[in-house]
There are 2 protein chains.
Amino acid sequence: MKKRITLKQIAKELNYSISTVSKALKDSPEIGIDTKSKIQAFAKLYNYKPNNVALSLKNRKTRTIGVIIPEMVHYFFAKVIIGIEKFAKKMGYNVIISLSNESFEKEVINIETLVDGQIDGLIISLSKETLLKQDFHHIHETIDLDIPIILFDRISSNVYCDKVIIDDIEGAKKATNHLIKNGRKSILLITTEDYVSVGNLRTTGYIQALKENNIELDTDLIIKVEDKKSTEEELHNIEESINKVLKTKLNIDGIFAVNEIYAAAALKVLKKNNIKIPEEVGVIGFTDGVISRYSDPSLTTVDQHGEKIGKEACKALIKRLNNESKNLPYQTKIIETSITSRESTK
Amino acid sequence: MKKRITLKQIAKELNYSISTVSKALKDSPEIGIDTKSKIQAFAKLYNYKPNNVALSLKNRKTRTIGVIIPEMVHYFFAKVIIGIEKFAKKMGYNVIISLSNESFEKEVINIETLVDGQIDGLIISLSKETLLKQDFHHIHETIDLDIPIILFDRISSNVYCDKVIIDDIEGAKKATNHLIKNGRKSILLITTEDYVSVGNLRTTGYIQALKENNIELDTDLIIKVEDKKSTEEELHNIEESINKVLKTKLNIDGIFAVNEIYAAAALKVLKKNNIKIPEEVGVIGFTDGVISRYSDPSLTTVDQHGEKIGKEACKALIKRLNNESKNLPYQTKIIETSITSRESTK
DNA sequence: AAATTAAACTATAACGTTATAGTAATTTAA
DNA sequence: TTAAATTACTATAACGTTATAGTTTAATTT
């Protein structure tokens, strides 16, 4: 019922001008010491807090960061948000979150809404549809408006801005090498279609690891999944594909999946076929999420350190916002991956 | 580089007053038709968009909703956020998300930050610490400021506001009955300490279901977990506790866990003890999350319909914001749960 | 032809701040 | 003793809007 008190009201109440009140509360040397303490005491009593919207308008800064991610129910993105939120709060920024739901159109609308004065900068992971379309006009327009953007994870080399990614090639190599060191020679790769940048890169890493270990590449051992919506039905299709390859390629002794859903699907198919994990087939996934931790056997994974990615993205953004990197060229920060070894690869 | 154009600039450029431009863009009948179309065309050309911060200041409305949840990496909360975000966007609202990380202090700070002009209303799920302390002054102060609050899931009867919850007692009863109908008689309950409202209620539901089925309550079959941070270590303790009970109470034939982490822990312990699921012991969890879906065996769960909860919370909030429920007493909306049957209970 | 009304615009104030410039009273310096 | 400097304030404009209350000029009425 009691609305927040304003400078105006304090001024009226104590018979000073608004300027005096404003300055007194900022402890300005221009104001007499008695007046200051009187005003400060009054403000404290009435729990005065400056109105952030007014400040935003005045300063043309909202101290708010917008984040657009393709989906929420995803351990990796959740972790990234935690990282962003923590660092942002520490630096006095708020975080607005929008979901693109993997849709290009929603991504465009979300950006438009946020850019209309609500946020100082954006952190984005591009939707699958955007990557497929290769249409980045909305990103470019925002950058043109002098609103800094940081891309993470799902990026594009056709967008010029700061980026934070993991070394997907290196991560995939680590994963593949992990299996090879275990003595696996015939390694099935479950990956995405090439337009998903991370899938593409992880595929490259897998191929490079094989080459470096003098294992001949068998393209039949690569399953490229076309999944846009991650529905139950599509999951079923993935399992079907894996099953088919397992039936035709009997010597498979390792599986590398580019995310934990695919890895979990692989586990399920293997168990259904009574194939022992990790004795007969070793499995490794990407992303250290809850599924990997609670699956049976628990999954060895490539940990992407999502929280760190979030933190670094936020750090890079705030640097741009503070003009600390004004004339510096755009940077791409690479976060190291690490293997979390669990039961699925003994 | 090109900053967004303002009414002032348009006015100057076309030699009209700011008022005229403003009205022309609102298609006001006060403005001549030629002028209007000229101004509208110009605005469109320069992609004029009203500055939301200025509008917020003017209207004393931000069209932004604040959401404070205890943690992010949690299927249920993620789903709730999806529900909130979808509905909010549909109604022209933005969503700011803050994490309390189960800490009372962070919850207080988050609310303070958001309340300073950033948001029109709040949707909150209370942190465990807050529930333990039973200190709700921050919530009350916010409500006193005429900022509507909707609580969901983790609520308290000591706070007077609109609430959206599931019927935890009923859900727990459904779960327990599901096991009883399966012929289970000695059902282990893995729950939280009583200060967590949902844990408490689910415990009650369990006890009621037993009573209604004339099964005597054995308090040794109730494990109350004290977990504040959900660390790996605490998880280990949970498994230890379950293991101990399984060793002493040999006739256990069912387990009801009040969340999916506890359920997954139960699965793990059972499998380690070579107990067949569901043949020897049936397991049912709460919350239909990814763990349940991808665990082996997949878990039967009580689905809380998080997205629906989010939507209803958002709907209730916007109702208050629009003063549609001005004089109505606070309401508590109860969302029905449903059992999702999977392998763990045949 | 004077009075009324309608049409098409503009000026002003307000939302809550703060930075800049300005003013009055007092103190200090020459 | 008068000019200069200091102290302690106040007024104003601005951030970008919009609603309210004006102000012209032209058209209509009587």
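I take helices (H or I, at least four residues) and strands (E, at least two) as DSSP runs, numbered from the N terminus. I call two residues in contact if their C-beta atoms, placed from the backbone, lie within 7 Å. Axes are lines fitted to C-alpha atoms, for helices over the stretch in contact, and angles run from 0 to 180 degrees between N-to-C directions.

I note that this is a predicted model, where local features need pLDDT of at least 70, side-chain atom pairs count only at pLDDT 80 or more, and totals for chains, interfaces and linings use all residues. Residues are numbered from 1 along each chain as its sequence is written, and chains are lettered from A and ligands numbered from 1 in the order in which they are written.

**Entry: the six-stranded sheet**

I looked up the strand order in chain A. The sheet is open and reads E7-E6-E8-E9-E10-E12, with mixed pairing. Two strands pair if DSSP finds at least two bridges between them. Strand E7 (222–225) and strand E12 (338–340) of chain A are the edges, and each pairs on one side only. From one strand to the next, the twist averages 20°.

I then checked E6(A), residues 187–192. Four bridges join E6(A) to E7(A), and the two run parallel. A:Ile190 stands opposite A:Ile223 there.

**Entry: helices across the sheet**

Helix H10 (residues 197–212) of chain A lies across E6, E7, E8 and E9 of chain A. I read its angle to E6(A) as about 160°. Helix H9 (residues 168–181) of chain A runs at about 170° to E9(A).

**Entry: strand E4 of chain A**

Which residues point which way from E4(A)? A:Ile149 and A:Leu151 point one way, A:Ile150 and A:Phe152 the other. All are buried (20 or more other C-beta atoms within 10 Å of their own; 12 or fewer is exposed, in between partly exposed). E4(A) pairs in the parallel sense with E3(A) over three bridges. E4(A) also pairs with E5(A) in the parallel sense, over three bridges. A:Ile150 stands opposite A:Ile123 and opposite A:Asp162 in E5(A).

**Entry: two helices of chain B**

H1(B) and H2(B) pack at about 110°, with their axes 8 Å apart. They are therefore roughly perpendicular (65 to 115 degrees; under 35 is roughly parallel, over 145 roughly antiparallel, the rest oblique).

**Entry: where the chains meet**

I found 39 residues of chain A in contact with 39 residues of chain B. H5(A) gives the most to the chain A side, with six residues.
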